[in-house]
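User: Please take a close look at the salt bridges in this model, and then at the nonpolar cores. I would like the cut-offs stated along the way.

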Amino acid sequence: MLDLGIIGFLNPWLLLGLITLPVVWLILRITPPAPKKITFPALRLLLGLQGSTSKPQKTAWWLILLRILILVILILALSEPIYAPVKRTDNNYNTLVLLDNDWASTNSWTKQLATLRSVLEQNKGSNKQVAVLTTAKDTTGQYHFSDFKNPENLLANLEQLSSIQSWQSDLQGALKQVEEELERYHPLKVLWLSNGLLSTSQTNETLERYIPFATSEIYLPPNENLPLWITDITPDKSGLKVTIERGFEGPETEERVAALSDKNEILASENITFAEGEKAVTVTINMPNELYNKAQKVIVVGKNTAATTFLLDQSNYRFPVGILTAAGQKDNKSLLGEHYYLQRALSLFTDVRYGSVKELLSRELSTIVLTDKESIPSDDEETLNQWINQGGLLLRFSGPNLAEKRDKFIPVPLRSGYRNLEGNLTWEQPLTLEEFDKSSPFFGLPHNTEITVSGQLLAQPTPELDSHTWARLQDGTPLVTADSHGDGMMVLVHTSSNTRWSNLALSGSFVDILRRILQFGQGVGATNASDSKLPVHDILDAYGNLIPKENSSITLDTAPDKKISAQNIGPKIPPGYYGKDKRQKAVNLAGNLPNIQRNDFQADDRQIYESRKASPLQVPLLFIALTLFLLDQALTLWLRGLLSNVAIGRPVAVILLLLLPATLMLSHRAVAQDIKEPLDSQGIEATLNTYLAYIITGDNKVDADSHSGLAGLSLQLHRRTAVENVRVTGVDLDRDQISPYPFLYWPITALQEPLTARGKRQLNEYISNGGLILFDLREASNTLNSALGSQGNAQYLQMLTDEINIPQMEPVPAGHVITRSFYLLESFPGRNNNRDFWTESTDPYRNDGVARILIGSNDWSRAWAINGQGHPLYAMVRGGERQRELAYRFGINLVMYALTGNYKEDQVHIPHILERLGQ
């Protein structure tokens, strides 16, 4: 390739034809034009007769210049010129390519790889050495370094590059790992393929410390494409308070955050607006308790990354609390009331209810709080005891009444009376709190030395007392004790809930202590040191997908002294879920990120991905040459006088006048690649019959599975529905027309070639006209192929659809038409049963509210696939034949949805229509 700045030539040797231009000029100059013909009567031959012989006239200079111009344009067109080709890197220096591959690269990963490939292609044949270094650790805990090689070798091994990781990159750590290797190749050129974000502001200093580079170049995404991230999620009395940041101070934009269930049902959502120049914004997702505790994660809709997906566990739940009262009377009016401080502290993060035992247990309840003023009626003791055994939490506060009258609802035996540390008859002084033990649920809370206790119920010393004690005073006597009771628990605070015996209720620690206690309201016991390490259960990948990954070698230490931060989230502790059932613990990258900002590296050359997108100029030049050729022919006819001949000139002039605008219009259509093609014989056949079509990937095994799968689905359609004689065909986006097919199944593989211009045009037209495409990633839930650090085929889907008009996507909401177009479904299993299934965010005023894009990863074709005898070809990964049956039901629903749209939605209005017709 010949690079001349903004213009390049793929076949530069054809430019040698320009050498012949002087010869062509000479030939045209000495060749006389055709004689001019004049129609006149025969007698006029004698008039003006000249005796001398006339010399032939030479061709006009401007006509020769026009023809030379046409020839130059043809030579340039045949040399395949390209506008704004990717520049070659400098040949004077070896090059180190820094490749960002952390969570923030999900939006720009395809552009980063395309730029890397293009740079290596441009430098093939050079004598420089190039190395690629990723800035995020791979699953082995190392930064991928390719060693210095020639560009050809790197191109051949480009697929072996580490994929995107679901943790934060570390530029300094990456450079430190290869520092010694880099010293051998100084001076270097640094080419940074950045995702636009960094966790440090010392980029220039960091690079210069490890690389005394000679020159530098950086590629960045445009500001509007920089990713978002969740910085904080906290429980609120009305829902979840979510804070989101962006990497630049840009114009006003609107996003949407949603809370999803474990089945990816949208429980609640809120729009969130960044004002102009605003980098962080907070919104509250309002949810009642019944929905709140069903939420599994919070996402930013359409921004699928590990930093925009916040997994929820029991520590985020809102536990409804009931305060036991006699006849519903609240004691929260006075500062001395036993409910006053409790109600204000608890209402900061949960719902507070008042009532008798029966009234409180008539609704879902996590904890019952019993103050000293109240007592448990004997008629309610059995009901309360049974509720605790089933997982309820009873939290009691002490006082003079409990000191005088004991019952069975206390966790440890108590001494008679109570201890008074303040008064005229005592020498003792109020005691402060002792620091919390590591075994205490309160461990990690700040030690508040201002808390003092002047009245206390003393526990009877027993060998088991230490194991039941959560908090102590400075003299070692228990302040908070607890004991399990069936699946539930009883907790006793050995002082009052108001200021009578202590100032605990006045301190900021009161809220934190109550929050820790309420986490035991779902039957979760204290963590023992022997089982503090939880094995990983599900891993959150870089795209925000939960991947089943039960691996005992990856564990989370839940000991109270172990804290989770961005520094220790990585290969050893990836984000995701650890443990099972009620002891499950979530580890999030979102909310634990360090100070993130836009990459401010001051490189010698700063580029924006695809800001100079290469554009072929061959077709426009050919049509310019054709237009000039028609003009040349018109001028030639004019010089010969043929245009003045009525019989010949007028038809020729009309033809030329029609050809010129037609040529210009055809040129415009060809450049825009918007030519409407008539249906071929296969397309006409598809309009006369019902076809299920799949995209031919080029992988013979995958294509055979797609054909067998759709054949199996076709058989089930024939058996169970009125749809008969459904045929199956594969389509090639470069060869076949796809507009006649109502539904396309597209399995994604790593071997598919990038789409051509014709393929992209066909897909965009198909989507805009309402066609339905099911993208099947096929392995996103396969625990073997979706190991830690692998995103399956999601990255290849992004590459294939890079210039396709994919609409905004969201998890399939509950009640979506596809869940009831034929069968009633709650999930969409295939050979796998991954819960993530995405659909277009539909609008009832666009395409009649029917989605055009569905994305999943359950390998549906192999769940449907049958052999020639009609028997299944593949076993199901989980769920057995019951899961295969559900997979067929989903397939039938899918075809019905593609053929009939939202007719099931329309049936909702039938009663109203009939009512109006009756009027």
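Analyst: A salt bridge here is a side-chain nitrogen of Lys or Arg within 4 Å of a carboxyl oxygen of Asp or Glu. The model is predicted, so local features need pLDDT of at least 70 and side-chain atom pairs count only at pLDDT 80 or more, while totals for chains, interfaces and linings use all residues. Residues are numbered from 1 along each chain as its sequence is written, and side-chain values use heavy atoms, with hydrogens and water left out.

By the salt-bridge rule, the count is 15. One of them pairs Arg720 with Glu885, with 2.9 Å between the closest N and O atoms. This pair links distant parts of the chain, 165 residues apart: Arg720 belongs to helix H18 (residues 700-720) and Glu885 to helix H22 (residues 880-900). Helices (H or I, at least four residues) and strands (E, at least two) are DSSP runs, numbered from the N terminus. For accessibility, buried means under 20% relative accessible area, exposed over 50%, and partly exposed in between (1.4 Å probe, protein chains only). Arg720 is partly exposed at 26%, and Glu885 is partly exposed at 22%.

Helix H22 also holds the pair Glu881 and Arg884, three residues apart, about one helical turn. The closest N and O atoms of Glu881 and Arg884 are 3.0 Å apart. Glu881 is exposed because its relative accessibility is 52%, whereas Arg884, at 4%, is buried.

In helix H19 (residues 757-768), Glu765 and Arg761 lie four residues apart, about one turn of the helix. Their salt bridge has its closest N and O atoms 3.8 Å apart. Glu765 is partly exposed, with a relative accessible area of 23%; Arg761 has 15% and is buried.

Elsewhere, a network of salt bridges links Asp437, Asp466 and Arg472.

Turning to the cores, a nonpolar core is a set of buried Ala, Val, Leu, Ile, Met, Phe, Trp, Tyr and Cys residues joined through side-chain atoms within 4.5 Å. The largest has 51 residues, and Leu744, Trp746 and Ile773 touch the most other members. Helix H3 (residues 109-122) supplies the largest share of this core, five residues. Beyond its neighbours within four places in sequence, Leu744 is in contact (heavy atoms within 4.5 Å) with residues including Ala693, Ile695, Val731, Tyr766 and Ile773. A second, separate core has 40 residues, among them Val321, Tyr341, Leu504 and Phe520.
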